[in-house]
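This briefing reviews a single protein model, taking its overall architecture before its local features. Please consult the sequence and the structure while reading.

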Amino acid sequence: MSQSTGFNIEDLINASPLNGGGAAQEPKVEQLLGTLRRLQQGQRALEEEIKEIKSVSESLQKELTALQTEAYQLEGIQKEKEELCRKLEFQCEESEQDLSRQLNHNKKSEELLQQYRCEIQEFKLKQRKMRMKFENQLHQLIEQHKNLYSVFTPERLPDEIESAENTKRQLLSAEQMKLTQLKQPVAIAAESQQE
């Protein structure tokens, strides 16, 4: 409590006698009035101090209430953030799982793509070999066609016919000669049998 009034209860209790004598004497009215005034001043000072304390107490109570309200709000915000954090963690886990699945899928797709590339290369090689073989055969056929065309051109046809007829005549003549030669030993053998 404040001591601004200069009043102390112990001073009143331990007050020395008024006349400095050995026996206690009754105080004078002025001294009592002075003491009463000091007590009243002290009382007013105490009342002011009590009012100030009450005011400070009310202010602190309001501040406490405001802090408690803010604490409740912060707790609510913290709970919301914790819930949001849990949701985000769950979403992160799902995203990681999706990413893992996607990576596996991509890996399988890459392996299939590589396999298809190899198969395409093999198919291209086969097609190339077949095309080369076909080109060779076509080239041979073209050469044969050229040869046949050069042999059987319309300009050479009469000569070819004449040559074929000559060959036919030669073959027929050779055949007649062979037949004649074959008939002679048979005729000789028949004559010898008749003799």
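What pattern does the protein follow when read along the sequence? The pattern is α-α-α. The model is predicted, and its secondary structure amounts to three helices and zero strands.

**Overall accessibility**
- The protein has 195 residues, of which 3% count as buried.

**Surface patches**
- Val-29, Leu-33 and Leu-36 make a nonpolar surface patch of about 260 Å².
- Within this group, Leu-36 belongs to helix 2, which spans residues 29-151.
- Leu-36 has a relative accessible area of 41% and is therefore classed as partly exposed.
- A negative surface patch is formed by four glutamates, namely Glu-89, Glu-93, Glu-94 and Glu-96.
- Glu-89 is also located in helix 2, and its relative accessibility of 46% makes this residue partly exposed.

**Salt bridges**
- The count of salt bridges comes to two.
- One joins the side chains of Glu-83 and Arg-86, with an N to O distance of 2.5 Å.
- Both Glu-83 and Arg-86 lie in helix 2, three residues apart, which corresponds to about one turn of the helix.
- Glu-83 is partly exposed at a relative accessible area of 35%, and Arg-86 is likewise partly exposed at 47%.
- Another salt bridge brings together the side chains of Asp-98 and Arg-101, at 2.1 Å from N to O.
- Asp-98 and Arg-101 are three residues apart in helix 2, so about one helical turn separates them.
- Asp-98 counts as partly exposed, with 41% relative accessibility; Arg-101 is partly exposed as well, with a relative accessible area of 49%.

**Cysteines**
- The count of disulfides comes to zero.
- Cys-85 takes part in no disulfide, and the nearest cysteine sulfur, that of Cys-92, is 8.8 Å away.
- Cys-85 is partly exposed at 37% relative accessibility, and Cys-92 is partly exposed at 45%.

Key:
Residues are numbered from 1 along each chain as its sequence is written. This is a predicted model: local features need pLDDT of at least 70, side-chain atom pairs count only at pLDDT 80 or more; totals for chains, interfaces and linings use all residues. Side-chain values use heavy atoms; hydrogens and water are left out. Patches are made of residues with over 30% relative accessible area and no salt bridge: like charges are joined within 9 Å, nonpolar side chains (Val, Leu, Ile, Met, Phe, Trp, Tyr) within 5 Å. Accessible areas come from the Shrake-Rupley method with a 1.4 Å probe; for residues, only the protein chains shown count as cover. Helices (H or I, at least four residues) and strands (E, at least two) are DSSP runs, numbered from the N terminus. Buried means under 20% relative accessible area, exposed over 50%, partly exposed in between (1.4 Å probe, protein chains only). Lys and Arg count as positive and Asp and Glu as negative; His and the chain ends are not counted. The place of a charge is taken as NZ of Lys, CZ of Arg, CG of Asp or CD of Glu. A disulfide is a pair of cysteine sulfur atoms within 2.5 Å.
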